[in-house]
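Subject: Structure for you to look at

Hello,

Here is the structure I promised to pass on. Please open it alongside this note. My findings follow below.

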Amino acid sequence: MAEHDFDKTEQATPKRQQDAREKGQVAKSQEIPSVAVLLMGAAVLYFIFPRVYSNFLDLTSNILSSSGTMQITQDNIYPFGAGILKRVFFTIVPFLLMVTVAGAASNILQIGFIFSLQSLEIKLSRINPAEGLNRIFSLHSIADMIKAILKIAIIGYTAYILIRREFGNFPTLMDMDVEAILSYIVWLTLRLVIWTGAILVMLAALDFGFRKWEHQKSLRMTKQEIKEEFRQAEGDPLIKARIRSLQREMARKRMMADVPKADVIITNPTHLAVAISYKNGEMRAPRVVAKGAGIIAEKIREIAKANAVVIVENKPLAQTLYKIVEIGEEVPTNLYKAVAEILAYVYRLKRRV
């Protein structure tokens, strides 16, 4: 049964977000690069306009002055045209460079550096007419269309109010020279960009917030999906339990293999059994090589009897060793005396035999 969107009530896990990012699925607003390019372009034009105006004026003057004297031939048409294009290019290249940097930086600030080939994969659903119609008439597309209409309406109304205030100045432009008219047009354009730019910045911020919310909503997960992801990351609990069981069984077998090498088995007398080993010159202190309770204690005693290992009953010592000393650890110093007495007793028995 398919899961419905209302079942996805949990926030996306870091792994889900990282997987989406690797696929190129990120929260991104197309409005922010547009605003960045517009504002950067206006700022660059404001600072370099005098030089651009001077260069183009000089270039136009040179072309017009040489048009009457220069004879266009097959030999000089290419150098002449290349010279014009080169001068135009180096005049506008600061503008092109800065708006390119602004567009790239605005995208990087939104989503960071992403290189994903998965977004370039060919999907048949993209060329499916039915899927295409669904995308065109989807709620998302309708929302984008409404947003675009509102943006155009707001910006158009703002531009209208600003220009309407200047209607009274337009007739006076007829008495101005070309340079003054251009300066006025640049000043009016700059005001228009500032006003509309401020509105576009607010709209871009709202759009980015909406895209962020929409992206997080699309990544929401069901509780079952979170459980499945945790199970995949941590491993199936049943498999992990089986592995732990096998590990305990292997450790138990290794422990039982050390029982015949022990010097003494200390019991309490039936419930607990602790195997002690001491090799003079090889060990600093006696060491617990095996221990167990219940069935394991019984198995230790059986192996000890089969291999003629001495079994000594000492309830307090057996209980203390079982609780505080792990297998392979040395006996603590506060138990040296009690263990040494038992080992001395064992050694005396072995000498008698």
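A pocket here is an open set of grid points with protein on both sides within 12 Å along at least five of seven lines, and its lining residues have an atom within 4 Å of a point. Please keep in mind that this is a predicted model.

**The second largest pocket**

It holds about 210 Å³ of space. Its lining consists of Leu38, Gly41, Ala42, Leu45, Tyr46, Phe49, Val186, Thr189, Leu190 and Val193. Helix H2 (31-67) and helix H6 (178-218) are the elements that each give two or more residues to it. H2 gives the most, with six. By type, the lining has eight nonpolar residues, two polar and no charged.

**Strands S1 and S4**

S1 (residues 264-267) and S4 run parallel, joined by four bridges. Ile266 stands opposite Val312 in S4. S4 spans residues 310-313. Val310 and Val312 form its covered face, while Ile311 and Glu313 form the uncovered one. In a regular strand, side chains alternate between the two faces of the sheet.

**Helix H10**

Which residues of H10 (residues 315-324) are buried? They are Leu317, Ala318 and Leu321. These three cover an arc of only 100° around the axis, so they sit on the same side of H10. Residues three or four places apart in an α-helix point the same way, because there are 3.6 residues a turn. The face turned away from the buried side carries Pro316 and Lys323, both exposed. At the start of H10, a side-chain oxygen of Asn314 comes to within 3.2 Å of the backbone nitrogen of Leu317.

Best wishes

Technical notes. Residues numbered from 1 in each chain as written. Predicted model: local features only at pLDDT ≥ 70, side-chain atom pairs only at ≥ 80, totals over all residues. Heavy atoms only, no water. 1 Å grid on protein atoms, 1.4 Å probe; cavity = no way out; pocket = protein on both sides within 12 Å on 5 of 7 lines; lining within 4 Å. Points joined across faces, edges and corners; volume = space filled by probe spheres on them. Nonpolar A, V, L, I, M, F, W, Y, C, P; charged D, E, K, R; others polar. Buried < 20%, exposed > 50% of the residue type's maximum accessible area, 1.4 Å probe, protein only. Arc of directions from axis to C-beta. Polar contact = N/O pair within 3.5 Å; in protein donor to acceptor, adjacent residues only side chain to side chain. Pairing = 2+ DSSP bridges.
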